[in-house]
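Me: I'd like to learn how to read a fold like this one. Can we go through it feature by feature?

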Amino acid sequence: MAFYGRLGSLMRQTVSQPSGQVPMASMLNTIRCMSSSKLFIGGLSYGTNDDSLRDAFSGFGQVVEARVITDRDTGRSRGFGFVNFDSEESANSAVSAMDGQPLDGRNIRVNLANDRPSAPRSYGGGGGGGGGGYRGGFGDARENDGF
């Protein structure tokens, strides 16, 4: 689905250009981004790091980036990561060969990564609190008409 969204965006950009053409470098970058060469790797061991992830997948082609996602507070692995290849063929062969295979003592899940839709992120404290029984008033519930 993301592929079609990007393709539509590229077509609108082409039509909106005065000459009706997009510079070739821009078009090639867009097409390169549309290919499915990014993999999601799930079920990683907490001992797996960027280098060991790269090593595990480098036999399938040129690994552009291998990254284990870590918790920002503790620095500990969150148990998943991403591997980017330079070609779609390398990514597809890695999915076929590595999905369900052991890596650092755990069977990993390997899938083509989905583009995350760009949505506005909310910053700051959202509401919601959860502590059971809070009714928003002060004092005894009878004083607040039960609210």
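Me: Where is S45 found?

Reply: S45 sits in the loop between β1 and α3; helices (H or I, at least four residues) and strands (E, at least two) are DSSP runs, numbered from the N terminus. Bear in mind that this is a predicted model, where local features need pLDDT of at least 70, side-chain atom pairs count only at pLDDT 80 or more, and totals for chains, interfaces and linings use all residues. Residues are numbered from 1 along each chain as its sequence is written, and side-chain values use heavy atoms, with hydrogens and water left out.

Me: Is S45 buried or exposed?

Reply: Buried means under 20% relative accessible area, exposed over 50%, and partly exposed in between (1.4 Å probe, protein chains only). S45 counts as buried because its relative accessibility is 13%. Leaving aside neighbours within four places in sequence, S45 is in contact (heavy atoms within 4.5 Å) with S77, L103, D104 and R106.

Me: And the sheet: in what order do the strands run?

Reply: Two strands pair if DSSP finds at least two bridges between them. Here four strands form an open, antiparallel sheet, ordered β2-β3-β1-β6. β2 and β6 (109-112) are the edge strands, each pairing on one side only. β2 and β3 are joined antiparallel over six bridges, and A66 stands opposite V83 in β3.

Me: Which helices pack on it?

Reply: For the angles, axes are lines fitted to C-alpha atoms, for helices over the stretch in contact, and values run from 0 to 180 degrees between N-to-C directions. α3 touches β1, β2, β3 and β6, with its direction at about 135° to that of β2. α4 touches β1, β3 and β6, and makes about 150° with β6.

Me: Which residues touch the most other members of the largest nonpolar core?

Reply: In soluble globular proteins, nonpolar side chains tend to be buried together. A nonpolar core is a set of buried Ala, Val, Leu, Ile, Met, Phe, Trp, Tyr and Cys residues joined through side-chain atoms within 4.5 Å. The largest one here has 16 residues, and L39, I41, L53, F57, V83, F85 and I108 touch the most other members. β1 (38-42), α3 (50-57), β2 (63-70), β3 (77-85) and α4 (88-98) each supply at least two of its residues.

Me: Then R67: what does it touch?

Reply: R67 lies in strand β2 and counts as partly exposed because its relative accessibility is 47%. Not counting residues up to four places away in sequence, R67 touches D50, L53, G81 and F82.
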